[in-house]
Amino acid sequence: MDKTLDGVQRMTAKFGKQAFDFNVYVISDASQLSMTILNEFGTTMGNLFYDGANLDFDSAVFPKNLKSEYIVADFQFCLYRVDDLKAALAKIGVDFESAIACGDDGITTETRILSKKGTQISKITKTYAKNPKSDSEILQSIQYENFLRGYGYTLVGVEE
């Protein structure tokens, strides 16, 4: 993993003309991806757990045909190390580009693009800000757009 997440994220998602907003408690590190999806009242709408070998997704709300493998892949594209992704995707003919820009305001933006034969598949934009306590970078937001399947979402960390 390039960066880890452990906390509540506000997710705004769109699929076609439908839009959704909810909170997601995410733990994403080298050993697991765990997500608990919550509605506005704090009620669990779904759980996902992936440990690199096993994937489990259960929800009484989301459609049964929801591909939880796509959720895991999205997080991998967003959070795995650039060199690891580039090498793995090259094996299946997918190009992976990454660019970093540092703004005068202290915000760093990383853009990741997946494409195949010149056709863009997805675009990921991540923003980071400096942690004033440790001078390290804190992941502020992730914007994911999947042009192939027509969906996208934005994750923004919720202040505790």
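Begin by selecting Ser-28, which is buried, with a relative accessible area of 3%, in what is a predicted model. Ser-28 belongs to strand 2, which covers residues 18–28, and if residues up to four places away in sequence are set aside, Ser-28 touches Met-1, Thr-4, Leu-5, Leu-33, Phe-75 and Leu-79.

From that list, select Thr-4 next, in the segment before strand 1. Is Thr-4 buried or exposed? Thr-4 counts as exposed, because its relative accessibility is 53% and the cut-off for that class is over 50%. Leaving aside neighbours within four places in sequence, the contacts of Thr-4 are with Ser-28 and Asp-29.

Return to the contacts of Ser-28 and pick Phe-75. Beyond residues up to four places away in sequence, Phe-75 touches Leu-5, Val-26, Ser-28, Leu-33, Met-35, Tyr-80, Tyr-153 and Leu-155. Phe-75 and Tyr-153 are the residues with the most contacts inside the largest nonpolar core, a set of 34 residues. Helix 1, residues 68–79, gives the most to this core, with 7 residues. As a general background to this stop, nonpolar side chains tend to be buried together in soluble globular proteins.

Now move to strand 1, residues 5–15, and select Gln-9. Gln-9 is a polar residue by class, yet it is buried, with a relative accessible area of 9%. Which backbone atom lies 3.3 Å from a polar atom of the side chain of Gln-9? It is the backbone nitrogen of Gly-157. When residues up to four places away in sequence are not counted, the residues that Gln-9 touches are Phe-22, Asn-23, Val-24, Val-26, Leu-155, Val-156, Gly-157 and Val-158.

Next, display the largest pocket, in which about 710 Å³ of space lies. The elements that give two or more residues to its lining are strand 1, strand 2, strand 3 (33–38), helix 1 and strand 10. To centre the view, select Phe-15, Phe-62, Leu-66, Ile-71 and Tyr-151, which lie nearest the centre of the pocket among the 24 residues that line it. By class, the lining of this pocket has 17 nonpolar, 3 polar and 4 charged residues.

For a last stop, select Lys-117, in the loop between strand 7 (108–116) and strand 8 (119–130). Lys-117 counts as exposed, because its relative accessibility is 79%. What is to be seen in the backbone of Lys-117 is a phi near 50°, a positive value in a residue other than glycine.

Notes. Residues are numbered from 1 along each chain as its sequence is written. This is a predicted model: local features need pLDDT of at least 70, side-chain atom pairs count only at pLDDT 80 or more; totals for chains, interfaces and linings use all residues. Side-chain values use heavy atoms; hydrogens and water are left out. Helices (H or I, at least four residues) and strands (E, at least two) are DSSP runs, numbered from the N terminus. Buried means under 20% relative accessible area, exposed over 50%, partly exposed in between (1.4 Å probe, protein chains only). A polar contact is a pair of N or O atoms within 3.5 Å; within protein, one must be able to donate a hydrogen and the other to accept it, and residues adjacent in sequence count only if both atoms are side-chain atoms. Contact means heavy atoms within 4.5 Å. A nonpolar core is a set of buried Ala, Val, Leu, Ile, Met, Phe, Trp, Tyr and Cys residues joined through side-chain atoms within 4.5 Å. On a 1 Å grid over the protein atoms alone, a cavity is a set of points where a 1.4 Å probe fits but cannot get out, and a pocket is an open set with protein on both sides within 12 Å along at least five of seven lines; lining residues have an atom within 4 Å of a point. Grid points are joined across faces, edges and corners, and a volume is the space filled by probe spheres set on the points.
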